[in-house]
Amino acid sequence: TITRKDGKFEITPSKEGLTVDMDATKAALNDALNSEDTDAIRVEASVTVKKPKVTEEDLATIKDVLGTFSTSFATSGASRSTNLAVGSGKINGHVLMPGEVLSGYECMHPFSLENGYKTATAYENGRSVDSIGGGVCQISSTVYNAVKNAGLTVVQRNPHSMPVSYLPKGLD
């Protein structure tokens with residue numbers, strides 16, 4: 001992982017992990033269960049070493065903040081504020097290496113009570129309605145503007161059907 005603290009990047013060292021081969025483990029378990037000796041069955045999971053997707057060396061190439069953007073939710077109610085905290089927490093910490101794409105929707109969904117979201121106002125078909133996860137659109141808009149400020153390419157955007165008040169005029 002990489003974080004920014006007091007204006008400097010801090011990198012957590014990468015390490016290898018283990019991945020369970022479910023098919024091979026299931027086959028070994030089935031073989032053991034179908035054997036003659038069923039008094040004591042012992043099966044070891046079939047595992048492989050998994051290299052980290054992003055290494056310390058990859059992260060060390062990051063030298064600058066490319067773009068930022070901020071919006072305020074100071075006037076939001078408690079439920080909407082919770083949704084902003086939950087949704088941004090699901091995006092925060094993602095590191096995109098060259099050529100990778102981030103989907104805000106994929107990071108933040110499912111929009112459910114079980115996933116930490118609350119009911120708050122959202123736009124639907126040109127009107128305001130109560131919706132679980134209401135307000136997370138502000139996260140998407142904030143990230144979108146940070147991406148634009150960074151000069152990165154936006155590959156898909158679904159703007160609101162109505163103007164929003166948390167962005168400067170012309171950016172909604």
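The model you are looking at is predicted.

**Stop 1: the salt bridges**

E16 sits in the loop between β2 and β3, while K51 sits in the loop between β4 and α2 (56–60), so the pair ties together parts that are 35 residues apart in sequence. K51 is exposed, at 58% relative accessible area.

How many salt bridges does the count come to? The count is 2.

Now select E100 and K53. They form a salt bridge too, with 3.5 Å between the closest N and O atoms. This pair links distant parts of the chain: E100 is in the loop between α3 and α4, K53 is in the loop between β4 and α2, and they are 47 residues apart. E100 is partly exposed at 31%. K53 counts as exposed, at 70% relative accessibility. Side chains of opposite charge can pair when their charged atoms come close.

**Stop 2: a nonpolar patch**

Select L18, V20, M22, V47 and V49. Together they make a nonpolar surface patch of about 500 Å². Two elements give two or more residues to this patch: β3 (17–20) and β4 (47–50). Zoom in on L18, which is in strand β3. Is L18 buried or exposed? L18 is exposed, because its relative accessible area is 63% and the cut-off for exposed is over 50%.

**Stop 3: helix α3**

Select residues 78–91. This is helix α3, with 14 residues. From first C-alpha to last, α3 reaches 20 Å, close to the 20 Å expected at 1.5 Å a residue.

Next, colour the buried residues of α3: R80, S81, N83, L84, V86, G87 and I91. An α-helix has 3.6 residues a turn, so residues three or four places apart point the same way. What covers the buried residues of α3? The cover includes α4, β5 and α5 (137–150). Then step past the end of the helix. α3 is followed by G93, whose phi is positive, near 95°.

**Stop 4: the cysteines**

Select C107 and C137. How many disulfides does a search of the whole structure find? It finds 0. C107 is in no disulfide, and the nearest cysteine sulfur, in C137, is 16 Å away. For C137, the closest cysteine sulfur is in C107, and that 16 Å is too far for a bond, because a disulfide needs sulfur atoms within 2.5 Å. C107 counts as buried, at 15% relative accessibility. C137 counts as partly exposed, at 26%.

**Stop 5: backbone angles**

Most residues other than glycine have a negative phi, and most peptide bonds are trans.

- Select D6, in the loop between β1 (2–5) and β2 (8–11). Its phi is positive, near 50°, and D6 is not a glycine. D6 counts as exposed, at 74% relative accessibility.
- Select N125, in the loop between β5 and β6 (127–132). Phi of N125 is also positive, near 50°, in a residue other than glycine. N125 is exposed, at 73% relative accessible area.
- Select H109 and P110. A cis peptide bond joins them, with omega about 5°. P110 is in the loop between α4 (104–108) and β5 (119–124).

How values were computed:
Residues are numbered from 1 along each chain as its sequence is written. This is a predicted model: local features need pLDDT of at least 70, side-chain atom pairs count only at pLDDT 80 or more; totals for chains, interfaces and linings use all residues. Side-chain values use heavy atoms; hydrogens and water are left out. Helices (H or I, at least four residues) and strands (E, at least two) are DSSP runs, numbered from the N terminus. Buried means under 20% relative accessible area, exposed over 50%, partly exposed in between (1.4 Å probe, protein chains only). Patches are made of residues with over 30% relative accessible area and no salt bridge: like charges are joined within 9 Å, nonpolar side chains (Val, Leu, Ile, Met, Phe, Trp, Tyr) within 5 Å. Accessible areas come from the Shrake-Rupley method with a 1.4 Å probe; for residues, only the protein chains shown count as cover. A salt bridge is a side-chain nitrogen of Lys or Arg within 4 Å of a carboxyl oxygen of Asp or Glu. The expected span of a helix is 1.5 Å times one less than its number of residues. Contact means heavy atoms within 4.5 Å.
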